[in-house]
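Student: I am new to this structure. Could we go through its charged side chains?

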Amino acid sequence: MDHDAKLVQECLLGNEDAFFEIVEAYKEYVFAIILNFIKDSYIAEDIAQEVFLQVYRSLPQFKNKNFKAWIGKIAVNKAIDFKRTQKKFYENEVMQEKESISIAENKMPTPEDALLDKEQKTKVDEAVAGLPEIYGRVLRKYYFEGKTYQQIALEENITVKAVESRLYRAKKLFKKSWRRENIT
């Protein structure tokens, strides 16, 4: 049994010093891998801590093959996950910025726009009012009041699956009604 396998066995038996020895042996290796992905050393240090936390949690699943490759793979995956989250965060920031710019560009609505909006809202209210009550209530709560499926299920004393089903049927009926009203 090689040294790493012995350390893993010791860790699994609760020996904290063995895990500290693993961290000492591989911290530079893990840091170097992460630094190849993330060019900020402070962030790389944080991710390295996450790697060792993941290693500790995953030790029972380790198959005693190549420990260095295994820990390296965890480091690569954590670095890639961080890059993905950063990309999503950046994309969300850009989208919010674009939205705020477009909102700023669109100045105050004209009286004509306000009247059209009011008419549109009235038509929507009428279409929802024309739905059977069990569908209209779920539709109002979800879209107008912003409630979750779980909240609606509790209020209506039904299952979440029933909420999904009613909402699906309500949308179908609403679309049908909306087309009929707006074609004529």
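Student: Is Lys27 buried, partly exposed or exposed?
Tutor: This is a predicted model: local features need pLDDT of at least 70, side-chain atom pairs count only at pLDDT 80 or more, and totals for chains, interfaces and linings use all residues. Residues are numbered from 1 along each chain as its sequence is written, and side-chain values use heavy atoms, without hydrogens or water. Buried means under 20% relative accessible area, exposed over 50%, partly exposed in between (1.4 Å probe, protein chains only). Lys27 has 36% relative accessibility, so Lys27 is partly exposed.

Student: Which side chain meets Lys27 in a salt bridge?
Tutor: A salt bridge puts a side-chain nitrogen of Lys or Arg within 4 Å of a carboxyl oxygen of Asp or Glu. Here the N to O distance is 3.2 Å. Both partners lie in helix 2, three residues apart, about one turn of the helix. The partner of Lys27 is Glu24.

Student: How many salt bridges are there by this rule?
Tutor: Lys147 bridges Glu145, with the closest N and O atoms 3.1 Å apart. Lys147 also pairs with Glu155, at 2.8 Å. By this rule the count is nine.

Student: Which residues are linked with Lys147 in a network of salt bridges?
Tutor: Two of them are partly exposed: Glu145 has a relative accessible area of 48%, and Glu155 has 42% relative accessibility. Lys147 is linked in the network with Glu133, Arg137, Lys141, Glu145, Glu155 and Glu156.

Conventions
Helix = DSSP H or I, 4+ residues; strand = E, 2+ residues; numbered from the N terminus.
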